[in-house]
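The entries follow in the order of my reading.

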Amino acid sequence: MAEPVPVQAALDAYVRYFEELTPDTLDRLDRLSVPDIHFKDPFNEFRSRDRLKLVFGRMFQRVDTPRFIVRDHAISGQTAFLRWTLTFRSRGPRPWSIEGMSEVRFDHAGRAVSHIDHWDAAEQLYERLPVLGTVLRLIKARLAD
């Protein structure tokens, strides 16, 4: 049986993957995760590495120059917590920036078995949209103390 891969080493490779992510590097995920990786974000939940690569591939089709920057991390057992920023350009003159956290669990071979993203889609995405944003900001103001 092979020696367990230290979580920090697995995390370093995983972070490097996301910070260097391009359409040409999508297949590197094959070495870094199990085929049935559990992925969840505000829009998706599934268990499939191939589907995860499709999600990232579509990101490159829908927005310009997406880039992940991992700002910080912490490790607890086989789980790593990443604080990140996603920047990209979409329609309009201003660049976009989304702040989030990912909870990534690794197996003893150093492969990601689960990747769960936590970020506020309402505040960081929907509230920026012209009509929907106005409605959501009004609702938010009414619910605030």
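**Entry 1: the cavity.** I began with the helix α1, which gives the most to the lining of the largest cavity, with three residues. Helices (H or I, at least four residues) and strands (E, at least two) are DSSP runs, numbered from the N terminus. I noted that this is a predicted model, in which local features need pLDDT of at least 70 and side-chain atom pairs count only at pLDDT 80 or more, while totals for chains, interfaces and linings use all residues. Residues are numbered from 1 along each chain as its sequence is written, and side-chain values use heavy atoms, without hydrogens and water.

I found one cavity of 30 Å³ or more, and the largest cavity holds about 110 Å³ of space. A cavity is a set of points, on a 1 Å grid over the protein atoms alone, where a 1.4 Å probe fits but cannot get out; lining residues have an atom within 4 Å of a point. The volume is the space filled by probe spheres set on the points, which are joined across faces, edges and corners.

Which elements each supply at least two residues of the lining? I listed α1 (7–19), β3 (64–76), β4 (79–89) and β6 (112–118). Among the lining residues I noted Y14, V15, F18, W84, H115 and D117. By class, the lining has nine nonpolar, two polar and one charged residues. Ala, Val, Leu, Ile, Met, Phe, Trp, Tyr, Cys and Pro count as nonpolar, Asp, Glu, Lys and Arg as charged, and the others, Gly among them, as polar.

**Entry 2: the helix.** In α1, I recorded V7, A10, L11, Y14, V15, Y17 and F18 as buried (under 20% relative accessible area, 1.4 Å probe, protein chains only). Seen down the axis of α1, these buried residues fall within an arc of 155°, so they line one face of the helix. The arc is that of the directions from the helix axis to the C-beta atoms.

**Entry 3: the rings.** I then searched the whole structure and found eleven aromatic pairs. Rings of Phe, Tyr and Trp (its six-membered ring) pair if their centres lie within 6.5 Å; planes under 30 degrees apart count as stacked, over 60 as edge-to-face and the rest as tilted. Y14 and F18 form an edge-to-face pair, 5.0 Å centre to centre with 65° between the planes. The rings of F88 and W96 have centres 5.8 Å apart and planes at 15°, so this pair is stacked.

Key
1 Å grid on protein atoms, 1.4 Å probe; cavity = no way out; pocket = protein on both sides within 12 Å on 5 of 7 lines; lining within 4 Å. Buried < 20%, exposed > 50% of the residue type's maximum accessible area, 1.4 Å probe, protein only.
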